[in-house]
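Dear colleague,

Please look through it before going on.

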Amino acid sequence: MSSVPSLLSRTSARFRGRRAARPGRDRWNTWDPPKAEVLGVARTLTSATRVVDVMHLLRSEDGIEKYYTVNPGSAFADGLDAYLSGLGVHVLSWEEAIRRPFDLAVSCSVHPTMRRLDAPLMVLPHGAGYNRLVTESTGDALAPAGLSRRELMWRGKVVPKAIGVSHREQIDRLAEICPEAVPYALAVGDWCFQRITASLSRRDRYRSRLGAVDGRRLVVVHSTWSEHSLLGRHPDLPLRLVTALPADEFAVAAVFHPNVWARHTPAGVLERLGAAMDAGLMIIPPQEGWRAAVVASDWVVGDHGSTSFYSAAADRVTLLAATGLDELDPLSPAAAFARGAPRLDAEGDLLAQLLDVAARHDPAALRPVVDGQLASVDTSGEVTRARMYAFLAERGVRVPEDAPRPLPVPLPEPVRRARATAYDVTGSHVRGTVRIRRRPLVAGHHTEARGFYAVTTEENHPHWPDAAEVLARTVTDAEVAALDWIAHAAQRHENLNVLVARLDASRCLVRVRGGRQWEARTERAWGSGRPALDPVLLGSAVNLWLTDPERSKDLTGGLTLRTGEWSVQVAFTPPPTL
């Protein structure tokens, strides 16, 4: 399948620039020849993903042929050609795009060079409204990017023929910054957020893909770009979060602005976050997945970027580790959001802060700020489509009678590594119930033990395996049978309290110091599936049971393993007597 997009892109080159040369029906077409041609213009990956999303509002069956191009010059343009070509769409070079006419050009960013296009230009925001002060683009310390005179005007004339904004308030600001552009402005809402709200029914699917199962709740770290962002201010916060939160109670994912990836390269981003990924951090690729993460999340730890704003708009528990007020239009709703949202002390007790803010969470608290930035959410697609089709009316393209149906966003495809192989474990055992908290160990970051260490056979740290009290083999299809491995391991590691070997998804072989052995299996409640049994979690529970002076003499009475609000019953069967 990977060859299909490139094949389509190569084939499309044969037809470029031929609209004027093929009047009437072209015998090469399967469907009727297009009535109108529309160009999507990308400048950064952020704007590219947004314009592709918006261009889906234009239906091919209405006689519309769609093309894409990259407006050159951005510092964050790396990878754009490959991204667009990978979609299997018509991709034109900028030189080709400016040599031929189009009935409409649509862009989710604006630049004076877009005046060279032979098409009426419609511009839309590529985030939640217009908020950021980028003087390199605007030449103005007061105008937000996208609404400045430098971007919208050329030799006294307004370049775009339509300027879509997410709320009427932005037109009021435009009237102060560039009044000549106001007649072209239209409040169209936010099609991107409309798709987020349309995806809420798929929350369970998204959560499953991001590991928020078996009682785990999902924390998503959001960072925009620049020195004022979460990553700019607290580069080690993802690592601190994933090692501070109990691994069986929390899953942690990260969403980074596409400009971070473009500026520092995908390899550079993944390398910089490598230690956090070793501890369990999942990273959402920049092209897609962040919207599914918004829907799936329980907490969002973010900054002044649009993804954090969208999360608050979706009523997620949102804390800001950076406000970005130094680069926001102080009159914008984004600045009001940065001033009003709960703060996270990146150096404080992260778990306690998450729980405290969740207990006090009131979705209505930020609603006035959200409503001041995102208007007409339920009708955004309809309004945006109507404005685009108006440009095509002269070509005989009619607006569809039915409003566009926002499709749920795709399942996230996080980049992740294998699960952690060493944990610092704390917990307690009371009357057959073992409460456990495991936190991943990361070399160079872990300084002081909270409890005891539990490791897998794959852990290669020079000291942790020797200091561990629990050793688990997590593979089932091993060269040495479980009974043989556990016997040999007991001889090699006399310091261990507990040895565990996985037998299958729900069964493990357990041996404790002194030689007693059991086969452990999870119990299945009526009407439910049989839970999986994590060997490291099981070994940790047995070790805590061993340290309880009030424990029963053996494990044949079973144990209840509890991590947060999730629990599983485990039965233990001794070996048969001969």
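What follows is a short account of an aspartate, the cysteines and a helix.

This is a predicted model, in which local features need pLDDT of at least 70 and side-chain atom pairs count only at pLDDT 80 or more, while totals for chains, interfaces and linings use all residues. Residues are numbered from 1 along each chain as its sequence is written, and side-chain values use heavy atoms, with hydrogens and water left out.

Asp303 sits in the loop that joins strand E13 (299-302) to helix H16 (306-313), where helices (H or I, at least four residues) and strands (E, at least two) are DSSP runs numbered from the N terminus. Asp303 counts as buried because its relative accessibility is 0%, buried meaning under 20% relative accessible area with a 1.4 Å probe and protein chains only. The side chain of Asp303 reaches the backbone nitrogen of Leu230 at 2.9 Å, and a polar atom of that side chain lies 3.0 Å from the backbone nitrogen of Gly305. Leaving aside neighbours within four places in sequence, Asp303 is in contact (heavy atoms within 4.5 Å) with residues including His222, Ser308 and Phe337.

As for the cysteines, the structure holds 0 disulfides, a disulfide being a pair of cysteine sulfur atoms within 2.5 Å. For Cys178, the nearest cysteine sulfur is that of Cys108, 19 Å away. Cys178 is buried at 0% relative accessibility, and Cys508 is buried with a relative accessible area of 0%.

Finally, helix H11 (residues 237-244) is mostly covered, with 8 of its 8 residues buried, among them Arg240 and Thr243.

With best wishes

Technical notes
Buried means under 20% relative accessible area, exposed over 50%, partly exposed in between (1.4 Å probe, protein chains only). A polar contact is a pair of N or O atoms within 3.5 Å; within protein, one must be able to donate a hydrogen and the other to accept it, and residues adjacent in sequence count only if both atoms are side-chain atoms.
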